[in-house]
Amino acid sequence: MSQVSRDEIERIAQLACVEIDDASLSTLTDQIAQILDYFAQLASVEATHSSPRLHRSARTSSSFRDDKTAEPERAINPNTFAPVFEQQLFAVPRLGSMENE
Amino acid sequence: MSAAQTARRAIQQITKVEQAGLNAVIGFDSEVLLHQANVLDRDKKSGALAGLAVGIKDNICTLEYPTTCASRILEGYISPYEATAITRLKQAGALIACKTNLDEFGMGSSTEHSVFGRTQHPEQASRVPGGSSGGSAALVAAGAVEAALGSETGGSVRQPAAFCGVVGIKPTYGRVSRYGLVAFGSSLDQIGVFGRSVQMAADVLCTISGRDRFDATCADRDPLQLGDCLDDLSDLTIGVPAEYLTDDLDAGVRAASNNAIHQLRDAGATIRDVSLPHTQIAIATYYVIAPAEASANLARFDGVRYGLRIGGDNGLVGDMYRATRGRGFGAEVRRRIIVGTYVLSAGYYDAYYGKALAARTLITQDFDDVFADGVDLLFTPTTPTTAFDAGEKTADPLSMYLSDLFAVATNLAGLPAISVPIARSRGLPVGGQLIAPAFQEDRMIQTARVLERVVDQGAEAR
């Protein structure tokens, strides 16, 4: 079984900003250890084989819009919900910490 | 039949199957459906799909219904925009019938990981319909709608199609716009189609396909158009990869696949044994890359802009992120986010993600080599088994992942594939899949039409 510890899973969960309760942590650690064990078969793959150009999206021409200035397309007009929206900017109260600026 | 008549029939059928406990539908309002139909009839709108009621997997944004991804973290979320695929369906006269159940955020192979409860198999309630698009597959199989949209990241259209005995199409990556499809694995995700027949599924695919300026990964191509039906397959070479007909394959699936291969041969195709030597590392490759991408894509669900928010009253935004995501996501989603974060983290990136990218290149090359060697299409069983029991694999995530073995290589390579019901085994549907080179859906679908015609879908495979 892969040597991944509870502490390691807790650290990763912190990194991912996902709270894991103590009751679930042991089971989750065992499951992830098993999964990582399964991934071990990739160790024999030569990393030099990686070639982004082979990904389908890299080999397909995408449609680009014309490079022209235009009004941004919005699903909802900001004027319908923002108190003040001017020159494509939302006006907000000055923060107290910026009073003297 | 007017659109209102079609809508009323769909309402009746959806209500009937849901009252019987199917649990395939998580967003539905008969008044919303009838209103769409009445507008269509009033305006005398016509189109390729006029009056067709279509179920929509609930990770595709719609204006008519909330988009929840079957997750607590998006419960009740109303999208301010609709997916391009939805816009095109409506332009063709289709009716957005309902939102269908799924494994949360598309992560699962059984439609058991939904905050709304599991979807039943349409024929045997104790079994799963497959996933993650199980709601759409079950609803089409139950006869409540003629067609439905699903999505694939790793087999999530083809596998439930095979389990439920309906047709499921996964298009080439870039064939259909991903605008409005909630992202799971952005280099893999594609909207797919379910239908009770190849023709029905193909008609819907043609409608939703084509270039889209809102999706930079959508290919700069016209919408798919299909040629004339084939009378026979005499100009076709179909490869059968040895790695998909292993000794430990379920006997019924093997028998059904062998029968289908005989039928394809009798229809004129040249059958050739081929090899895709890196098939065995496809699952490991997929389950490194997909969770890695998911960990990035699901970072946006943090309680700030939309969806569930827990905590934050103490002014600590980090606490709010962790509590919202910890309690808003289900167990499988949390697991995949942790796996994805792990394989991308410092010290592990090269050993896992770097290797998986290299493996993906090898898997893609396998397909390219076979197609370059004169093979037009590949045929394989869609799944290694028929529909399994509910609860059978939920305690063992790895066993659930392994059930995707015949599907994920196609997703990694970005190729199109279609699953067609080919027989039954111990009373349950068996699916066979055709895989084509990129953007050759036309030939793939024409061949699938012939396959559908020559097999006996209801026969018990022996």
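**Close-up views of the chain A–chain B interface**

**View 1. Extent of the interface in the predicted model.** Chain A and chain B together bury about 4,400 Å², of which 66% lies on carbon and sulfur atoms; buried area is the accessible area (1.4 Å probe) that two parts lose on being put together, summed over both. In this interface, 42 residues of chain A are in contact with 60 residues of chain B (contact: heavy atoms within 4.5 Å). This is a predicted model, in which local features need pLDDT of at least 70, side-chain atom pairs count only at pLDDT 80 or more, and totals for chains, interfaces and linings use all residues. Residues are numbered from 1 along each chain as its sequence is written, chains are lettered from A in the order in which they are written, and side-chain values use heavy atoms, without hydrogens and water.

**View 2. The salt bridge between the chains.** The count between chain A and chain B is one salt bridge (a side-chain nitrogen of Lys or Arg within 4 Å of a carboxyl oxygen of Asp or Glu). The partners are B:Arg327 and A:Glu19, with the closest N and O atoms 3.3 Å apart.

**View 3. Surroundings of A:Phe39.** Beyond its neighbours within four places in sequence, A:Phe39 is in contact with B:Ala284, B:Tyr287, B:Val288, B:Val339, B:Val343 and B:Tyr352. In the largest nonpolar core, which has 171 residues, A:Phe39 is among those that touch the most other members, together with B:Leu89, B:Phe105, B:Leu149 and B:Phe367. Such a core is a set of buried (under 20% relative accessible area, 1.4 Å probe, protein chains only) Ala, Val, Leu, Ile, Met, Phe, Trp, Tyr and Cys residues joined through side-chain atoms within 4.5 Å.

Terms used. Buried means under 20% relative accessible area, exposed over 50%, partly exposed in between (1.4 Å probe, protein chains only).
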